[in-house]
Amino acid sequence: MTDTTKQSPTASHRQVIRDVVNTMAPFASPPVEQDLREQGFDGPILRLHLNECPYPPSPKVVEAIREAAAGVNRYPDSWWRGPANILAERLDVPRHRIVFGNGSDQLLNALGDLTLEDGHSAIVPEPSFHRYNLATEMQGAELIKVPLNPQGANDVEAMLAAIRPNTPLIFTASPNNPTGGMLTGQELHRLADGVPDSCLLVLDEAYHEFAQREDGPDGLAAIRHREGPWVVLRTLSKAYGLAGLRIGYAICGSDEIAEGLNKLRQAFQVNAIALAAAEAALGDMEYGRWLVEQVAAERDRVMAEMRGMGLSPLPSVGNFITADVGRPAAPLVGAIARRGIMIGTIRTPTPGYDTYIRLTVGTREEMDALLLALAEELAAQAEQ
Ligand SMILES: Cc1ncc(COP(=O)(O)O)c(C=O)c1O
């Protein structure tokens, strides 16, 4: 064994790290207002870039959090019975097939851990949620990126055609982030039947409640008949306003997949406050529906306003809007950030999408401020 103490510190430190981790890009933190503050910005800041819910959680949730806070000297229930019992009954799924995570983000990594190794490949839609790419790359597996269809939804036939014998994992998202397009019931059935049994079908429904508001198909209902392995992922971050607590869940198609995820988990993977909040949020569906209604109505208003400005936003059913601004998006996003309004570009660099912005739907006042900033900056840039 080489004596690493004689090497430069950097070399020895890199040497203990897996090759695949050394070759990955550095962690790119999603910016938050603290970053703008550190850059010296001291005005008001609007966060319209992380697809968060602009409203606080239900008062019942806040009360549950307060109560749970007094008991955090104890570890949480590692079988997450509070929220799992509600979901098991509501979804008619055995409780032990629901696995909770510190956000569905963590579960996406775990699905890579569960299925992928060197020499494997995974299918991802492009552009989509960047975690699918990272969950694949960190296992040293090959990414097979499949462009979306013109409606901004996953291209089911192209994704099926891309599956190879060495592909044990396919990530699909409906509605897709960042484009907001959703799969039809027929496409979901086609996926469920067309993905070979040698491949785990992951359907990410982070925006499920928003799709339901548009009478979209229920992904779980559509794929649960599948004989091969499957997982449906959902989260409390979007429609329930719990992004800061980090809690999402995987509904697994079999005991084997749930057991596999549990073998890889931490003993206390979800904290006690998040569990109490999720139980209260899932028990207060009226408030949940109200949140979705506010955001969806505002989304439709803003899309109409954007069309009035000559933009063509993609037909999103999520809590976000993506639109081609006809010029490089990054300078526009930067100019709007200098006004204290945070919106985004398409995070996964994708050919043809560098002129797209993505904005999260906030309150009416927030969106009015954004629309004004957008109109002024577009006009200013047109003059340059
Ligand atoms: C499609 C999709 N999946 C998963 C997530 C992760 O959600 P969380 O980790 O907050 O549960 C997001 C968050 O933006 C998302 O857009």
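**Figure 1. An oxygen atom of the ligand lies 2.6 Å from an N or O atom in the side chain of Ser 237.** On its own the ligand would expose 400 Å², and the protein buries 93% of that (Shrake-Rupley areas, 1.4 Å probe). This is a predicted model, so to speak of a local feature takes pLDDT of at least 70 and side-chain atom pairs need 80 or more, while totals for chains, interfaces and linings use all residues. Residues are numbered from 1 along each chain as its sequence is written, and side-chain values use heavy atoms, with hydrogens and water left out.

**Figure 2. Here are the 13 residues around the ligand.** Each has a heavy atom within 4 Å of it. Ser 104, Asp 204, Tyr 207, Thr 235 and Ser 237 come nearest. Sorted by class, this shell holds four nonpolar, five polar and four charged residues (Ala, Val, Leu, Ile, Met, Phe, Trp, Tyr, Cys and Pro are nonpolar; Asp, Glu, Lys and Arg are charged; the others, including Gly, are polar).

**Figure 3. The ligand takes up space in the largest pocket.** More than half of its atoms lie within 2 Å of the pocket's grid points. A pocket is an open set of points on a 1 Å grid over the protein atoms alone, with protein on both sides within 12 Å along at least five of seven lines, while a cavity is a set where a 1.4 Å probe fits but cannot get out; lining residues have an atom within 4 Å of a point. Helix H7 (131-137) is one of the elements that supply at least two residues, and its three make up the largest share (helices, at least four residues of H or I, and strands, at least two of E, are DSSP runs numbered from the N terminus).

**Figure 4. One cavity reaches 30 Å³ or more.** The largest cavity has a volume of about 50 Å³. Around it sit Pro 57, Ser 58, Val 61, Tyr 240, Ala 281, Asp 284, Tyr 287, Gly 288 and Leu 291. Helix H14 (residues 285-308) gives the largest share, three residues. By class, the lining has six nonpolar residues, two polar and one charged.

**Figure 5. Two cis peptide bonds and a positive phi are shown here.** Most peptide bonds are trans, and most residues other than glycine have a negative phi. Between Glu 126 and Pro 127 the bond is cis, with omega near 0 degrees; Pro 127 belongs to the loop linking strand S3 (121-126) and H7. Ser 174 and Pro 175 are also joined by a cis bond, omega being about -10 degrees, and Pro 175 is in the loop between strand S5 (169-173) and helix H9 (185-194). Asn 51 isn't a glycine, yet its phi is positive, about 55 degrees. You'll find Asn 51 in the loop between strand S1 (46-47) and helix H4 (59-69).

Conventions:
A polar contact is a pair of N or O atoms within 3.5 Å; within protein, one must be able to donate a hydrogen and the other to accept it, and residues adjacent in sequence count only if both atoms are side-chain atoms. Grid points are joined across faces, edges and corners, and a volume is the space filled by probe spheres set on the points.
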